[in-house]
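Let's take a walk through this protein, one stop at a time. Have the sequence and the model open side by side as you read.

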Amino acid sequence: MPAEGRWTVVEFGVLGPIEARADGGLVDLGHPRQRCVLAALLVDANRVVPVDELIGRVWADSGPQRARETLYSYLSRLRRALSAAHAEARIVRRSDGYVLEADAATIDLHRFRELIARARTADDERASALTRQALGLWRGEPFAAADTPWFGELRRTLERERFAAESDSLDLDLRRGLHGGALPRLTARAAEYPLDERLAGQLMLALCRSGRTADALARYQDIRHRLAEELGIDPGAPLRRLHQQILVADPALDTAAALGTGPAPAVAPAPAPARVSRPVPRQLPPPPAAFVGRHREMAFLDDRLRTPIGTDRVMVISAIGGAGGIGKTWLALRWAHDHLAHFPDGQLYMDLRGFDPSAEPVPPATAVRAFLDALGVGPQEIPADPHAQAGLYRSLAADRRLLILLDNARDTDQIRPLLPGGAHCTVLVTSRGHFDALRATHGSRGLTLDMFAADEAREVVVRALGRDRVAAEPEAVAGLLRLCAGLPLALAIAAARAASRPDFPLAALVTELQDAGGRLDALSAGDLTTDLRAVMETSHRALDDSAAEVFALLGTAPGPDISLPAAVALTGLPLRRARLVLRALEAAHLVSQHVPGRYRMHDLVRLHAVERGRDLPHASRDAAGARLYRWYRAALLRAVTEVDPLSETRPEESAEPPPGVPAFESADAAWAWLDEEYTHLTALLASAAARGRHSWVVELALALRIPFLHRRRIPDWIGVYTVAARSARHTADANAEAELLANIAVAHCLGGRTEESLPWFRQALAAYRATGNDAGAAGVAGNLGNAYVLLARYADAERTLDEARGAFHRLRALRGEANALNSLGRLATLRGATAEALRRLDRAAELFREAGDGYGLGHCLVNSGAARGDAGEWGPAVRCHEEALALFRRTGDRGGEAEALSKLVVSRVHQDPGTARDVLPEPPLVLHERALALARTAGDLALEAEIHNDTGRTALLLGDPRTAELHHRCALGIAGSHREEELRAHQGLGDALHALGRTEEADQEWARARRVRGLYGLR
């Protein structure tokens, strides 16, 4: 919290070198790559950026070997930098990535785009001021020093946006009669861009108004020759008209209105030739009343209008795609109305009704006839043959600067007959379909609309309800935004319903939306075009029977998305057929392939799929669920076997696994699958529990032990195993119930809730003894002894662990005996009996090696290294910790890796503080930060406390008592009932305070350390 409870506004800059300023000074953002991390978040401020996407933006294909850990380290440093600057902006971890929460107005990129957007709708005077203010934000090349392809492409996009803004500014100056001041800038820009017709027109008009008619005409001849020689084309009609106006000294050129309105090409309108008597069509529907966001998409369409493809003049075709209700028509109309001046020969519009809830698609021949009527062709001039009509339409449109907006198209076949015959028209298509064929045959370029970002979604609600009402119910607004999930139509409907009842609290509408079963009912404003279910139903109706059935089956699958092999299992289709059907659903924007081979639905589309799934016959649903369970179970068992071949807590793998079950070539590949599918596995288990499939629940839970343990997913571990224990009672499997209870106890211990673990251990022990399972009872006794160690109940720990060791020895269970000896060795270390500790730990290591247990050996080596460090044997301690670190990295145990890395740093620094920086791969405190990041991903608070204490110890050895104080205080805040770490935190804090000269505070901390030591018998 900043001093006096006040935050500082930090201004971020990416339109030049990446920087942040607070109170007029620069904030230290670290080295260039770390600044790139910040810039990658700033571009999508207030929107979650997935971790993998963030890594791709910052490193592309040249990232470090452990890119995630490096990223976490950079984010940690950036957080500290922002905190030190008392910035209101903050970097927040979300379940699916990171988000930089900040006022968009404090980021020059978003401020630039917002100012340009406001300028488009302002009068000339205000628009000019806004545009100048926007351009003034630029300090040089955007994202200077950022060298990845993502930044390069974004840099080029921004340069185009800047160019467009500069051109708009010049148009505004010319319209306001400021041609004299604009002339030097126009001359310089024309030399830089000699083929830009808009720029040539601006320069010609400025020269003409400045009394330099000959120069204006010479400029026209120059660009005419250049276009002919370099591109083989003539100037466009607007530039030719301007040339003609200059030749005849048209008085209209002397008026500010010569440029029309809006950022159009600098060409003055001339009367149509006398021979043309047809009307100019103006068919566009009104623009959307409250258009929000879509700055990138608007810039894409602007760029398409300015940039012809290839070396030949071609017609510009742009296709806007996306799901129903995503805002395709809104975007098309907004852009079209903003660019009316680009199309002096008119605008044609047709709702093709490709996905209409109440009508069939419009036949192309009907649309052609309607366009002929709009172009002023009399009934007597229209030929009877539809092909002749299409030819006449193409002829009439060929030489015109027309915009043709084809809205809500069904497919390419509906569009092709409506394409004009010349190169001067611009065609804008909206559709829920994909138009790869149109791109292949006509060079179209497309963009697919995504959901609104958080700030855009909020702005929709603010505009509908007003800022006061939104500010009065922040929690309700947050719930409404979450439930509409960024879908523009859903937001508009919900906001309209709320606006219609200003006397009702927003919370009432949110309560209605929270009912997943009725949410689609709530998102209706009274007619088919504003009924979300009806909009989705039109997409569904367009599917063939096979795709419709797969869509419904996907609604029965648990988890946020599904892989292609899992979809094959769910549907029972062959791989090639399943891929084709999923491609059809993707083309209909009912699913999206967000990464190769994985498919997901928008939350509201998924609700529609769930409804469709409920309509399937029970037998079909049950068969699909059983196929999916068998596939996941077989894949899970293979993965667990690969990462831990000695694991004893899993059911036997079936002899003939379902088709498509992955074969893992390494532990890393198996871990990658386990991490990717973790959410789906737990969702499948929850679904099985809800359906009363108790044997499925027990089997999946036991097989998930390794991911829970190694990834330290403590809350999930406890929750899932509690549900599974109830299922085990339903199946009367007493041994499975005992094992589940024992795991719940272990999870409580690892989660820092050791006292709460004791009743669970006792229940598990009693259950095992009741079944006569001596090995199970011995395992529980060993883990109970570890809990006693954490609680500093050393006598109970010694007795319980020794009983476990004896039982395992009698059973000839090498791993069990080794685990008990490892715990007894650690206990001896805590009591100061170093020689006894090393004897026990060395024997444990022998047994672990004999059993081939790398996981257990790693933990034994960490304890052995700590004991050797206590004996002053820092060289052997380093070797122990290096071997442990390699083992944990091989087995994928993040918690073990974090502990071993932290202990290795401590050992190296103790061995020789002067050379530690040279011997270690990175500075010692940076490595501790990496260990902390790993511990946080593991969710192990006790481990975090331990590493904070290690970091404080290292910092003090390196002469940095302030950092030491910070980390020991952090350890103290999260140590909980772990008395050893509580003691280390008080002792280390006292040492750090003493080094800072704060002797009275140091004495108090040392006294607290003595009290803990005396209470619990710690050394």
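**Starting from a tyrosine**

Let's begin at Tyr349, which lies in strand β7 (residues 347-351). Before going on, a word on what you're looking at: this is a predicted model, so local features need pLDDT of at least 70 and side-chain atom pairs count only at pLDDT 80 or more, while totals for chains, interfaces and linings use all residues. Residues are numbered from 1 along each chain as its sequence is written, and side-chain values use heavy atoms, with hydrogens and water left out. Helices (H or I, at least four residues) and strands (E, at least two) are DSSP runs, numbered from the N terminus.

Is Tyr349 buried or exposed? Tyr349 is buried, with a relative accessible area of 15%; buried means under 20%, exposed over 50%, and partly exposed in between, using a 1.4 Å probe and protein chains only. Leaving aside residues up to four places away in sequence, Tyr349 touches Gln283, Leu284, Pro285, Leu333, Phe371, Leu405 and Asp407, where contact means heavy atoms within 4.5 Å. With Asp407 there is also a side-chain to side-chain polar contact at 2.8 Å. A polar contact here is a pair of N or O atoms within 3.5 Å; within protein, one must be able to donate a hydrogen and the other to accept it, and residues adjacent in sequence count only if both atoms are side-chain atoms.

**A hairpin and a sheet**

Now jump to Glu101, 248 residues from Tyr349 in sequence and 40 Å away in space, C-alpha to C-alpha. Here strand β4 (residues 90-94) and strand β5 (residues 97-101) run antiparallel, joined by five bridges; two strands pair if DSSP finds at least two bridges between them. A hairpin of two residues links β4 to β5, and Arg94 has Gly97 as its bridge partner in β5.

Further along, three strands make an open sheet in the order β11-β13-β12, with antiparallel pairing. β11 (561-563) and β12 (592-595) are the edges, each with a single partner strand, so one side of each has no neighbour in the sheet. Three bridges join β11 to strand β13 (residues 598-600), and Asp561 stands opposite Arg600 in β13.

**What's packed inside**

Where do the nonpolar residues gather? The largest nonpolar core has 152 residues, and those with the most contacts inside it are Leu480, Leu491, Leu554, Leu585, Leu636, Trp673 and Trp717. Such a core is a set of buried Ala, Val, Leu, Ile, Met, Phe, Trp, Tyr and Cys residues joined through side-chain atoms within 4.5 Å. Helix α28 (residues 618-643) gives the largest share of this core, 13 residues. Apart from this core lies another, of 58 residues, among them Cys36, Ala40, Tyr72 and Leu100.

Trp673 touches a set of residues including Trp631, Tyr632, Ala635, Leu636 and Ala639, not counting those up to four places away in sequence. Leu554 is one of the buried residues of α24, a helix (residues 545-554) that is mostly covered, with seven of its ten residues buried.

**Stepping back**

Overall, the protein has 47 helices and 13 strands. Its C-alpha atoms fill a box of roughly 110 × 70 × 60 Å, taken along the principal axes. Of the 1019 residues, 53% are buried.
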